[in-house]
Amino acid sequence: MTPQKERLSFWQIWNMSFGFLGIQFGFALQGGFMSRIFQTLGADKDTIPFLWIAAPLTGLLVQPIVGYLSDRTWHPKFGRRKPFFFIGAVLSTIALFFAPYSSALWMAAGSLWILDASINISMEPFRALVADKLPDAQRSYGFVVQTLIIGIGTWIASNLPWMMTQLGVPNTAAAGVIPDSVKYAFGIGAVVLFGSILYTILTTDEYPPEDLEDFQREKEASRGFFAGFREIIGNIANMPPVMKKLGIVQFFSWFAFFTMWSFATPAITEHVFGATDTTSAAYNDAADSVGNYLGTYGLVSMFYALILAFIASRIKINRRLLHLSSLILGGIGFILIYFIPEPWMLHICFSLVGIAWASILSMPYAMLSSSVEPRKMGVYMGIFNMFIVIPQIVAALGGVNFLYKLIFGDQVINTMLLSGTFLILAGFSTLLITDRRATHD
């Protein structure tokens, strides 16, 4: 058995995945509060998805390139994936700190673009690291442990502005100015992001390529920009069938969650709390509450991942069946947001969403990692990100606005009905995946 395939303990997997805590702080703050920042700076509800578009467009380019480069990187001291962890951490920390100080919409949109691109530099190498170091029998377990850490990060980060308000930090500001509670939250997020990724870098070793001479020969043979470009395009054209089918599942899943990130704040503050004036205390308190409810899906995803980690460490699981049922439960959660009579019931809705979120962050990657060549794990993890960013681009270019109004009507709360519908479609799409190597440990 090669060193890369040795079984690791829970704490070894925890250490090598701990940087995801900071990555998820970044994603949770951007997903939960960038729309609030856009509204504070004067954005209309229907323009919010367009302001998000630069982020997934950048991810479409960055992820395959970063994955390809990390596959071709090896240094005896710095490893293969860790240099990308560090570069992404530095850039993300800077972007996260300055984002809430934007004074105009173009500045906020630019901050989101830089932040998302920087986080992406770190994120997919973390996915590849699990596949690098774990045998196939531990893949589900490894990705579920990552999801556990992501759930912790989502819950804490989503509640940070509310926590700041409870500590006496002002939660309102003049028109066009971001409240201090949001600024403090982003600052704390920046510190956590850098610290957690640095912890993984310092506590995790990477193994060299199995055949270092062959690795160097292959690297020399494909040296140069155009050779790399051709190789990436070739890998896209020849992606495994399982990856293509997972792409359909991912499209519906990430369209649903992008819709939530873009519209949860305006939809819930308006429909549930009746607050529309972005300068009022009622709106800002309601927006803090939305962050609290979003934190619920992170908290539940954490506990669900903990249960899955316990199960996956002891018995073989059916990844497809687990993913199907989790996505359908999440879709029901989104739909229930429209019908609840009391705000506290949003915790129930987002608990169901949290089950889907935990599965989205683990099962597709476990299925994919069992279906690709180990030496191309980084580039395929990067290419797989296309199935995350393409639905976000489609949604941002008008897909959400067109579909929710066409199918359900003009009220912004109908975006949650659209999210639920797409997540249920994602669940049934998992039936397309029939390769037993992918569906079972």
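Q: Helices (H or I, at least four residues) and strands (E, at least two) are DSSP runs, numbered from the N terminus. What follows H17?
A: Gly409 follows H17, and its phi is positive, near 120°. This is a predicted model: local features need pLDDT of at least 70, side-chain atom pairs count only at pLDDT 80 or more, and totals for chains, interfaces and linings use all residues. Residues are numbered from 1 along each chain as its sequence is written, and side-chain values use heavy atoms, without hydrogens and water.

Q: What makes the span of H17 short of a straight helix?
A: The expected span is 1.5 Å times one less than the number of residues. H17 (residues 386–407) has 22 residues, for which a straight helix would reach 32 Å. Its end C-alpha atoms are only 27 Å apart.

Q: Where is the kink in H17 centred?
A: On Ala396, at about 70°. The bend is the angle between axes fitted to the seven residues ending at a residue and the seven starting there.

Q: Why is the pair of Phe10 and Trp11 called edge-to-face?
A: Rings of Phe, Tyr and Trp (its six-membered ring) pair if their centres lie within 6.5 Å; planes under 30 degrees apart are stacked, over 60 edge-to-face, the rest tilted. Here the centres are 5.0 Å apart and the planes at 80°, so the pair is edge-to-face.

Q: Is Trp11 buried or exposed?
A: Buried is under 20% relative accessible area, exposed over 50%, partly exposed in between (1.4 Å probe, protein chains only). Trp11 has 56%, so Trp11 is exposed. Phe10, at 25%, counts as partly exposed.
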